[in-house]
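I opened this entry to get my bearings. I wanted to look up a barrel, a domain record and a pocket.

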Amino acid sequence: MSDFASAEFVLSGKLTQLAGLAARYADPAFSVTHGGRVRTIAAGHYTVAGLSRHVRLGEFVAHRSPTGIHLGEVVRVEPDVAYVCPIEPGEPIGIHDLVIRKGAFRIAPDDSWCGRTINALGEPIDGRGPLTPGLLRRPVSNSAPPSMARRRVEQGFLTGVRAIDIFSPLCFGQRLGIFAGSGVGKSTLLSMLARADAFDKVVIALVGERGREVREFIEDTLGPNMKKSVAVVATSDESPMLRKMAPLAAMTIAEHFRDRGENVLFIVDSVTRFAHAIREVAMAAGEPPVARGYPASVFTELPRLLERAGPGTEGSGTITAIISILVDGDNHNDPIADSTRGILDGHIVLDRSLAEEGRYPPINPLASISRLARKAWSDDQEKLVSRLKTLIHRFEETRDLRLIGGYRAGTDPDLDMAIKQVPVIYEVLKQTPGDKPAIDAYADLANALKQAATQPMPAAAGKLRG
């Protein structure tokens, strides 16, 4: 073969490779304009030379390796190199490998996604074939609607959980946090709330969950409701980038349904693992910690995600967000819990001592607050709940006194009423995932209190324990 023919053959092969790359990246979700080469490789990230002038923080790149094309996110940009965190764990990376800019990552949600389980990249993982893309491709790192253009939160709804419907009622477009330590029952309560019939669509982000629990949650908990739900899953063994992206992809899907005028329930379990994933990525990029090991980017990303929930603009629907917050060491003032509590429109506190007593859901009605409760209560209901909280407070603050026999019945009429009624209230509030959702929590409570009122007060009422 002549030198000219050999050169022509090599050129033909290069053109074929370029044509293949062009076809691979013809997806309109990305813009393929510049490329670079891997310069250094470290645990959790690698650097790319030749892209610094062309990429922005948060954009995606595609790394070409012997095993195929792998995605990564730009997490730091310096004059000579860009730092990239790979999306997939265990990706084979070599020095001088080709890396191509792809731009902002986007997904195209569609109504046909209901009933499907997908990963953080918007790819199906339920074995039911490919997803049908929608007409509009949305960036997963989107902005919240302008504050002055958003509708007001006005209308309440029933969750079917008596402890919440009575003491901390919710409204469409509200953002609520469920705060608890590990093993207290956050996921169980979320599974009960996911069955609420008040919503047109349900979007669930399972972040850092145990792999064995995914099918249980989808098949057993959601059951028939799965036909109007989309589940986005990133299990605990997946990369921090996928765990970081799962809530963002889920929120983007929820925004698709909201913009169609539907009321969407958005559930994240848990936002603490989302924060942990952000921390891992930020620390790999060299960002210093500022609060108990958390870098500043964690406290930037949390409000950006949570503010996207809520009511949409006029003519659109709402996103009601219910998120779980894992309280490290049962310390409700740890940085993540404290930061999210200031962003949300209310918080439900799960008490470990109540769970140990066998009261499920272990919701502490005195520590739980819904900032929009007055929009859901009637005037009579608000007065009733205020009275119930007073009785519960009196009952709990005198518990030790009554246990040692230091109180005599008849001395304080309010405390006598609390001793008789609060155990009944606690019994009414008990509920398990296997129970049917409550249709009218106030009627259930009123019937139980009426029955208790017809019974004589025990002689040893002063020594009763709730």
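My notes follow in the order of my checks.

I am working with a predicted model, where local features need pLDDT of at least 70, side-chain atom pairs count only at pLDDT 80 or more, and totals for chains, interfaces and linings use all residues. Residues are numbered from 1 along each chain as its sequence is written, and side-chain values use heavy atoms, without hydrogens and water.

**Barrel.** I traced a closed barrel of 6 strands in the order E1-E2-E5-E4-E3-E6, paired antiparallel. From one strand to the next, the twist averages 45°. Strands here are DSSP runs (E, at least two residues; helices are H or I, at least four), and two strands pair if DSSP finds at least two bridges between them. I then looked at E1 (residues 35-42) and E6 (residues 98-103), which are antiparallel and joined by 3 bridges. Arg37 has Leu98 in E6 as its bridge partner.

In UniProt, an unreviewed entry lists residues 172-354 as "domain: AAA+ ATPase". I found that span to be 42% helix and 27% strand, with its end C-alpha atoms 29 Å apart.

Which elements give two or more residues to the lining of the largest pocket? I noted strand E4 (68-77) and helices H5 (240-259), H6 (271-284) and H7 (296-306). H7 gives the largest share, 5 residues. The lining divides into 15 nonpolar, 6 polar and 8 charged residues. Gly counts as polar in this scheme.

Methods. Axes are lines fitted to C-alpha atoms, for helices over the stretch in contact, and angles run from 0 to 180 degrees between N-to-C directions. UniProt positions are given in the numbering used here, feature names are shortened, and annotations may be inferred rather than shown by experiment.
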